[in-house]
Amino acid sequence: MNGSFGVTCDWAKIGLLLLLLSILGCNTLKKVEEDELLLTKNTILVDDEKVNSSEVKGLIRQKPNSSILGYPLKLNLYNLAKENPDSSFQDWLHRKEKREKRLNNLLSEKQVNRLGESFFVKGLSEFLKNIGEQPVIIDTAETSKSINKLKAYYNSKGYFNNTGEYQIINGNKNRKASIEYSITLNQPYIIDTLQKNISSPELDSIYAIAANKSFVKEGDQFDLGKFTQERERLTNLFRNSGVYNFQESSINYDILRDTTISADDKLMDVQLNINKFRSTSTSTDSINPYKVARHKEINIYADYEINGDTDTLQRETYENYNIYYSGKLRYRPKALADAIFFEKDSIYRDLDRIRTYRQITNLNTFKYPNIEFIPDSTQTGLETNIYLAAKSKYSLNLNFDVTHSNIQQIGTAFSASVITRNVFGGAETLNISARGSIGLLSDASLSDENFTSELGGDINITFPRIWLPFNTERIIPYYMLPQSRLSAGTNFQRNIGLDKQSLNSVLSYNWSPSTRLKNNIELLNVEFVRNVNPDNFYNVYRNTFSNLDDIADDFQDDPQNASYFDDLDTDDPTLSIPDGANSFANDVLNGTLTVDNDQFDEVNSIEERRQRLTENNLIFATNFAHTKNSKSGINDLDFYQYRIKLESAGGMLSLLTNVIPYNENDNGQYLVFGVPYSQYVKTEFDYIRHWSIGGGQVIAFRSFSGIAIPYGNSDNIPFVRSYFAGGSNDNRAWNAYELGPGSTDNINDFNEANLKLALNLEYRFPIAGNVKGALFADAGNIWNVFDNETNPDAIFSGFASLGDIALGTGAGLRYDFTYFVFRLDVGFKTYNPAKVGSDRWFDGYNFKRAVFNIGINYPF
């Protein structure tokens with residue numbers, strides 16, 4: 001079986017290599033006729049200056065074939081397809097006199113006919129055509145249309161007398177050519193006077209108040225885009241000033257031109273027209289002009305059912321809101337009223353409607369609401385009805401996953417959660433979840449058993465308001481979608497690392513001042529981590545054990561040291577775990593065993609790391625995170641986002657040291673429940689920027705910087721709050737926890753530190769259909785700073801340490817499943833700071849030493 005697999009792999013590699021050579025060696029003019037020209041480039045000149053605006057370039061109807069770093073991959077894939085695969089097959093079949101007869105005897109005539117319809121004969125060509133691009137042949141009719149579109153575009157900018165022409169450059173040379181489009185703008189037209197004709201006196205008054213904010217102004221150059229912006233501004237202004245039914249189609253402009261003046265006069269008069277309301281059922285304006293309307297009655301239907309009878313519902317009035325319900329009102333009236341932003345006798349505002357929709361959805365208790373506005377006979381009073389259909393009181397979610405990691409060969413994980421809505425009548429949501437997993441260890445030496453297991457559970461309750469003993473509505477109003485979350489959970493981990501038990505509790509608040517901004521405060525984040533099996537340290541951290549065991553080799557010849565080793569009779573005895581290793585380290589540090597200074601420092605570092613990673617952690621932290629995302633929608637490929645986070649741990653407990661008599665350990669650390677509490681400050685900044693460069697191509701950039709500084713009761717950062725480098729979402733040329741700190745060479749099994757810098761750059765491009773490609777460069781590293789680390793290679797000591805920034809480069813494939821993206825990346829160590837001199841560059845830059853990463857969705 002192994003031999004067959006190897007042969008198959010070899011043939012697959014040969015086939016892939018031949019396909020690659022075919023594509024690279026393909027003639028781009030293969031399917032370009034002698035009298036045709038392949039379009040290679042478009043150049044747009046406006047008044048003899050080159051224009052690179054994507055908006056203007058998008059007006060060109062014919063564009064050159066897409067390319068990846070200048071190589072026309074899709075064109076060459078298309079050229080590999082045969083134009084007439086049926087004819088080619090028949091020609092091959094009858095090229096030799098007895099070929100068809102031999103195949104009929106071997107396969108049967110029916111199977112030979114099917115061979116002609118097979119994928120490799122016909123389907124492959126169709127597949128290559130579908131994923132490829134046919135050559136873009138210059139069509140002068142399309143070029144003329146492009147000139148007309150360019151002229152129309154500059155007409156919209158006020159250059160009504162512009163002229164345009166094009167030139168095909170390179171002629172018939174090599175059957176390739178480029179097109180140069182030239183536009184001469186001439187003198188633009190200017191708005192001389194701005195007049196208005198507004199049918200409604202009330203609209204006229206509203207317009208006058210905000211007239212100075214108009215996008216269309218006297219003395220400005222004519223620009224159709226500004227007229228569009230002004231229509232949108234006025235529509236938004238009127239709908240937020242009481243005119244609930246205002247239509248944007250009621251706004252139009254007349255361009256007035258005095259025909260008696262000279263043709264050289266480029267001044268024009270503009271008249272703004274705002275017509276009366278036009279019914280959708282008629283083509284004429286209504287008799288009544290637009291009017292400002294106010295909310296006269298606000299009705300909330302809390303138990304709405306489609307086609308239900310609303311006449312039998314009971315009614316309760318709360319702060320001018322009429323609440324209708326069936327049987328017993330299940331919601332506190334205040335919770336419903338807080339979600340409604342309409343107020344009785346106030347003017348209608350479209351902003352209030354949008355905020356009401358958002359807040360009701362944020363309650364997670366009702367389905368998407370329906371809001372209805374019924375005007376009275378005067379068109380100035382509105383009956384506002386909000387129909388709320390409740391979601392199910394309870395819902396159950398079940399998940400089952402199969403996992404794989406560098407620790408587990410294979411694992412299965414399950415989780416279940418029960419959601420209870422409207423727990424206390426105020427639209428609160430209670431989520432009780434449980435999870436568990438079991439897996440097969442990749443390395444049996446990590447544990448006495450081959451299996452790992454994990455079991456955990458959480459209780460989480462969310463309040464749709466800021467849950468504090470004082471009113472915060474003036475600071476954080478309800479339209480910011482405030483939420484409070486209180487959670488508590490526990491997790492038991494067995495046969496993974498040191499076997500951990502953790503308890504955590506979080507009290508947090510979040511709110512969104514706008515759709516692009518989000519704030520989150522964790523007022524209290526308490527985490528207790530208990531290492532159940534600290535004696536397993538040297539089994540888990542094998543590199544650390546190997547370093548200690550190498551030092552112990554100098555003492556294995558003395559029989560008096562037999563207690564340190566498993567068996568002195570073997571050729572290479574090793575320290576016993578845990579007693580021998582612990583005793584040896586203690587005896588070196590207390591002077592019982594004599595070693596040189598470097599070895600002493602090494603043992604001291606190992607023992608400090610062992611104590612740090614096996615001690616229990618108690619973290620009392622508070623943090624604040626601010627996030628902004630400019631992305632306007634799922635199809636927005638040009639956006640930025642950033643996240644700023646500040647965290648402080650142990651400060652509150654430190655303030656209580658003068659009030660509460662804490663116990664102390666031998667290191668002078670204060671203890672809470674017998675555990676030294678962590679004390680540090682931490683800050684992070686994460687910035688992402690995407691640039692769309694056309695044709696589905698995107699350049700994505702990310703930068704991250706973070707530092708955590710211990711002080712007071714701590715001289716290091718807890719492992720769970722430290723930084724690591726490498727992995728599928730970081731520097732993809734290194735596995736997770738492999739890179740750093742500084743210029744050290746993977747000295748620990750899990751390398752971490754308290755300072756991190758990372759930079760990522762990725763070029764993303766479409767290949768075929770849902771298959772995408774990427775080229776990337778990842779740079780960064782981690783260091784120790786302001787803690788108890790003594791290894792100078794791991795410490796950040798200034799700008800000189802920036803020379804330890806590692807660089808990984810590589811390529812990736814992605815398949816877009818619409819709802820998620822499956823990702824495969826291969827990274828190569830381009831600059832490895834753990835090496836020396838010139839060996840740092842491109843050492844082992846080959847597939848044998850490459851790092852393969854599988855991920856879901858894009859890394860940033």
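Strands here are DSSP runs marked E of at least two residues, numbered from the N terminus. You are looking at a predicted model, in which local features need pLDDT of at least 70, side-chain atom pairs count only at pLDDT 80 or more, and totals for chains, interfaces and linings use all residues. Residues are numbered from 1 along each chain as its sequence is written, and side-chain values use heavy atoms, with hydrogens and water left out.

Let us stay with the patch for a moment. Its members on the surface include Leu813, Tyr815, Phe847 and Ile856, and the whole patch has about 1200 Å² of accessible area together. Patches are built from residues with over 30% relative accessible area and no salt bridge; nonpolar side chains (Val, Leu, Ile, Met, Phe, Trp, Tyr) are joined within 5 Å, like charges within 9 Å. A salt bridge puts a side-chain nitrogen of Lys or Arg within 4 Å of a carboxyl oxygen of Asp or Glu. The areas come from the Shrake-Rupley method with a 1.4 Å probe, and for residues only the protein chains shown count as cover.

The largest share of the patch, 3 residues, comes from S31. Ile854 sits in that strand. Because its relative accessibility is 60%, Ile854 counts as exposed (exposed is over 50%, buried under 20%, partly exposed in between, with a 1.4 Å probe and protein chains only).

Now turn to strand pairing, which requires at least two DSSP bridges between two strands. Strand S25 (residues 680-692) and strand S26 (residues 698-710) run antiparallel and share 13 bridges; here Thr683 stands opposite Ile707 of S26. Their hairpin has 5 residues between the strands, and Gly694 takes a positive phi near 90° there. S26 also pairs with strand S27 (residues 755-768), again in the antiparallel sense, over 10 bridges. Phe704 has Ala758 in S27 as its bridge partner.

Elsewhere, 4 strands form an open sheet with mixed pairing, in the order S2-S1-S4-S3. Strand S2 (49-50) and strand S3 (163-169) are at the edges with a single partner strand each, so one side of each has no neighbour in the sheet. S3 pairs with strand S4 (residues 176-184) in the antiparallel sense over 7 bridges, and Ile169 has Ser178 in S4 as its bridge partner.
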